[in-house]
Amino acid sequence: MRGWCTRSSSGSLCLSLSPYPLPKAVAAAYWCCFRYGFSRKSISTRKALCAVSIRCCSSASKSNTNNKIWKAETGDFVVVNFYRFVFIKDPQHEIAKHLTLLKGLDIHGRIYINEQGINAQYSGPSRDAFAYVEWLKEDEKFSDILVQTSPAFIGHAFPKLKLRYKPSLVQLEGGSSHLPLLDPSMRATAIAPSEWRKRLEAVNNNDKASNSNPSTNYILLDVRNGYEWDVGHFHGAQRPDVDCFRSTSFGLSPTGGSDQLLHVDKEKTDILMYCTGGIRCDVYSTILRQQGFQNLYTLEGGVSHYLKTEGPIKWVGNLFAFDSRLSLPPSAYNDETMIEASMNQQAFESDKFAKCYVCGSQVSELRHRNCANLDCNFLFL
């Protein structure tokens with residue numbers, strides 16, 4: 001059925017004075033859906049959450065020379081992401097411990113635990129968000145976990161807390177519990193953001209030196225969804241023909257189609273894999289290893305870690321976020337690295353590559369919208 005629909009809603013603004021505010025989410029969004037033959041999606045509705053809170057609190061962050069995540073002020077809301085593959089003998093007992101702590105903290109998000117480890121994305125006031133991290137790091141098996149942080153400008157980025165056992169830490173066809181995630185030799189080799197940048201710059205220089213014969217001994221593989229690529233990606237990475245990570249099939253397609261790894265030399269080609277925070281790459285690299293690919297590399301900490309340490313060098317656009325923010329500019333991760341980026345990239349591309357899904361014209365904002373029609377709920381630019 002062709003046609004369109006719109007919906008808007010609004011509510012009062014909540015202002016509160018409290019050392020531990022619980023901001024009352026106020027729906028304030030406008031959606032527009034153009035049904036031009038888009039297939040129906042069974043995706044849970046994402047609601048834009050808006051909240052402003054005024055609060056009075058003292059700085060309670062303790063010094064920690066080994067961890068730089070304490071830069072945020074105590075009153076700020078942040079989003080925290082981390083994961084760790086480690087054997088957990090009794091996941092239910094582990095969940096009970098986490099739940100006991102989190103009952104006293106203002107944290108919303110998704111925290112999944114099973115026998116293979118933990119995967120967490122959550123938001124909260126920085127004091128509460130980092131208190132959970134510090135408590136977690138007291139456990140030896142989580143002591144060296146890499147923690148990613150980004151600002152949550154309008155309060156919580158998630159509607160509520162989901163802490164539970166999940167058979168697969170990421171959504172994948174057939175699950176991931178059977179994959180050798182706990183064997184480091186079966187996962188790709190992690191590359192630090194600085195080394196990743198050097199590799200991309202070296203490849204780019206080699207290609208410029210031989211315009212007729214660009215480098216073919218590497219593949220830059222975006223292990224995300226197509227709509228994520230649409231708002232931001234590394235230069236040289238092809239758009240993945242995937243709407244959901246669950247159906248990712250790089251290196252598995254016998255007939256080809258859009259499989260970027262179909263005709264790749266498994267022993268000589270370097271596969272440089274990247275995703276938002278790193279976990280999808282780590283998981284999928286074990287599948288590629290089982291398929292015989294020898295030279296597998298992942299971006300340590302994913303794109304979010306890269307933007308924080310290196311800035312948007314070789315990156316174009318924003319970074320898609322699986323929360324109410326939907327999209328973040330590189331400057332949200334580190335303002336200082338933006339200065340270096342502007343000096344090193346004479347032609348700084350922002351959203352010139354992004355096109356409207358309906359009419360094909362250039363978009364004015366690198367941020368998706370959800371269709372208000374619940375039968376569609378399509379994410380579109």
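This is a predicted model: local features need pLDDT of at least 70, side-chain atom pairs count only at pLDDT 80 or more; totals for chains, interfaces and linings use all residues.
Close-up 1. Tyrosine 132, by contrast, is buried, with a relative accessible area of 0%. A search of the whole structure finds 14 aromatic pairs, and tyrosine 132 and tryptophan 135 form one that is stacked, with 6.1 Å from centre to centre and 20 degrees between the planes. The two residues are separated by about one helical turn, because they stand three residues apart in helix H2, which covers residues 126-137.

**Close-up 2. The edge-to-face pair of phenylalanine 234 and tryptophan 315.** The rings of phenylalanine 234 and tryptophan 315 form an aromatic pair that is edge-to-face, with 5.0 Å centre to centre and 85 degrees between the planes. Phenylalanine 234 belongs to strand S12 (residues 232-234) and tryptophan 315 to strand S15 (residues 315-317), so the pair ties together parts that lie 81 residues apart in sequence. Both phenylalanine 234 and tryptophan 315 are buried, and they take part in one aromatic cluster together with Trp196, Tyr274 and Tyr306.

Close-up 3. Strand S11, made up of residues 218-222, is mostly covered, since five of its five residues are buried. In a regular strand, the side chains alternate between the two faces of the sheet. In S11, Tyr218, Leu220 and Asp222 point one way, whereas Ile219 and Leu221 point the other way, and all of them are buried. S11 pairs with strand S13 (residues 270-274) in the parallel sense, over five bridges. Aspartate 222 stands opposite tyrosine 274 in S13, and Tyr274 is also one of the residues of the aromatic cluster.

**Close-up 4. Two arginines placed over aromatic rings.** The charged end of arginine 199 sits over the ring of tyrosine 297, at 4.5 Å from the ring centre. The charged end of arginine 280 sits over the ring of phenylalanine 245, and here the distance to the ring centre is 5.9 Å.

**Close-up 5. Aspartate 241 in the loop between S12 and S13.** Aspartate 241 is found in the loop between strands S12 and S13, and this residue is exposed, with a relative accessible area of 59%. Aspartate 241 and serine 258 are 17 residues apart in sequence, while in space their C-alpha atoms are 6.7 Å apart.

Terms used: Residues are numbered from 1 along each chain as its sequence is written. Side-chain values use heavy atoms; hydrogens and water are left out. Rings of Phe, Tyr and Trp (its six-membered ring) pair if their centres lie within 6.5 Å; planes under 30 degrees apart count as stacked, over 60 as edge-to-face and the rest as tilted. Helices (H or I, at least four residues) and strands (E, at least two) are DSSP runs, numbered from the N terminus. Buried means under 20% relative accessible area, exposed over 50%, partly exposed in between (1.4 Å probe, protein chains only). A charge sits over a ring if NZ of Lys or CZ of Arg is within 6 Å of the ring centre and within 35 degrees of the ring normal. Two strands pair if DSSP finds at least two bridges between them.
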